[in-house]
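Here are a few notes to read alongside the model. Have it open while you go through them.

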Amino acid sequence: MSSRPRRRFDDDVEPIPRRRARSTRLTAERDDALDTLSTYRHPDTMRGPEPVPRWVPTSADAHDEDLGVIKTGKEADVSLVRRAGVHLAAKRYRDTQHRMFHRDAGYLEGRRTRFTRENRAMATRTVFGRQLIAGQWAAAEFAVLSRLWSAGAAVPYPVQLLGTELMMELIGDADGTPAPRLAQLRPDPREAAGLYRQLRAVLVHLAEAGYTHGDLSAYNVLVQDGRVILIDLPQAVDVVGNPQGFDYLRRDCQNICSWFQARGVEADPGDLDGELRRALV
Ligand SMILES: Nc1ncnc2c1ncn2[C@@H]1O[C@H](COP(=O)(O)OP(=O)(O)OP(=O)(O)O)[C@@H](O)[C@H]1O
Ligand SMILES: [Mg+2]
């Protein structure tokens, strides 16, 4: 029997694929050209859905100026970026050792990539595996935002996806001040009832597209000039396709209704759940 030591997969032992030496002049010139190109035009960038809104800077020389972090989250950092005078929100998914998605467990199950090396790397959280997971979450959020924005739901326009970075519409003022989260507001019961009505309409929109948020709370709803916008959607659940879809739907309804109930709104989770089920495609 072989006495080869077992490899330990809890260490960062997964070999990172080696890049071929970039020695040729042509490659160097190509890289220089890419460095001066707006990331919107980078060949690896996935751009947001058509029709591209007129405010999106699309020119090849529109460069980004990083204006600092808006919020450091558990799984991603969101930064304010200025591109050709337009403010954008850059959500950068983290791939550090300590970033352990509370949402990874059930959600990644159904979407393993075909290659076992990649599956193993993700399961054991090697450096390579963590990069893959972070990239998958960014891609998942980009895809959901693209779909929901195209369906007319109140979500930020997804401008582009490049690796683990998702660039989207900044919900906020033209001067770059981000909108507050619902959780930060102190609405009186009448204002709260208006916000609940709006949020209900947004959730119906999601259900009509087949989704529930999957992590709905007053922290993942922004309010810009009295208008409700839903954010933080990487784990959005396909209600009918996911075996626990209806449980996620019920949980979303319960979470958001208890927030509104505490602010004097008659928000009945069973009633909301029923309306959303009827709206499902
Ligand atoms: N498009 C946006 N426009 C303005 N602010 C945004 C935008 N997207 C995110 N933010 C801000 O960044 C915060 C974190 O974003 P998000 O909830 O998407 O990330 P997260 O890593 O899941 O954070 P958390 O762990 O706090 O839920 C939001 O609560 C909001 O304040
Ligand atoms: Mg969040």
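1. Let's start with Ser217, which is partly exposed at a relative accessible area of 22%. The scale here calls a residue buried under 20% relative accessible area, exposed over 50% and partly exposed in between, with a 1.4 Å probe and protein chains only. Ser217 sits in the loop between E7 and E8, and its C-alpha atom is 9.9 Å from that of Leu230, 13 residues away along the chain. Helices (H or I, at least four residues) and strands (E, at least two) are DSSP runs, numbered from the N terminus.

2. A word on the basis: this is a predicted model, where local features need pLDDT of at least 70, side-chain atom pairs count only at pLDDT 80 or more, and totals for chains, interfaces and linings use all residues. Residues are numbered from 1 along each chain as its sequence is written, chains are lettered from A and ligands numbered from 1 in the order written, and side-chain values use heavy atoms, leaving out hydrogens and water.

3. Which protein atoms hold the magnesium ion (ligand 2)? The donors are Asn220 (OD1) and Asp232 (OD), 2.1 to 2.3 Å from the ion. Asn220 is in the loop between E7 (211–212) and E8 (221–224) and Asp232 in the one between E9 (227–230) and E10 (237–238), so the pair ties together parts 12 residues apart in sequence. Asn220 is buried at 7% relative accessible area, and Asp232 is buried too, at 14%. Donors means N, O and S atoms within 2.8 Å of the metal (3.2 Å for Na, K and Ca); water is not among the atoms, so sites may look incomplete.

4. Now the helices: the axes of H5 (residues 189–208) and H6 (residues 245–261) come within 10 Å and cross at roughly 165°. H5 and H6 are therefore roughly antiparallel (angles over 145 degrees). The contact (heavy atoms within 4.5 Å) involves Ala192, Leu195, Tyr196 and Leu199 of H5 and Ile256, Cys257 and Phe260 of H6. By class that gives 7 nonpolar, no polar and no charged residues.

5. H5 also meets H7 (residues 269–279), their axes coming within 8 Å and crossing at roughly 35°. Tyr196, Arg200, Leu203, Val204, Ala207 and Glu208 of H5 touch Asp271, Leu272, Glu275, Leu276 and Ala279 of H7. This contact divides into 7 nonpolar, no polar and 4 charged residues.

6. Finally, Leu272, Asp273, Gly274, Leu276 and Ala279 are buried in H7. What covers these buried residues includes H5 and H6.

How values were computed: Axes are lines fitted to C-alpha atoms, for helices over the stretch in contact, and angles run from 0 to 180 degrees between N-to-C directions. Angles under 35 degrees count as roughly parallel, over 145 as roughly antiparallel, 65 to 115 as roughly perpendicular and the rest as oblique. Ala, Val, Leu, Ile, Met, Phe, Trp, Tyr, Cys and Pro count as nonpolar, Asp, Glu, Lys and Arg as charged, and the others, Gly among them, as polar.
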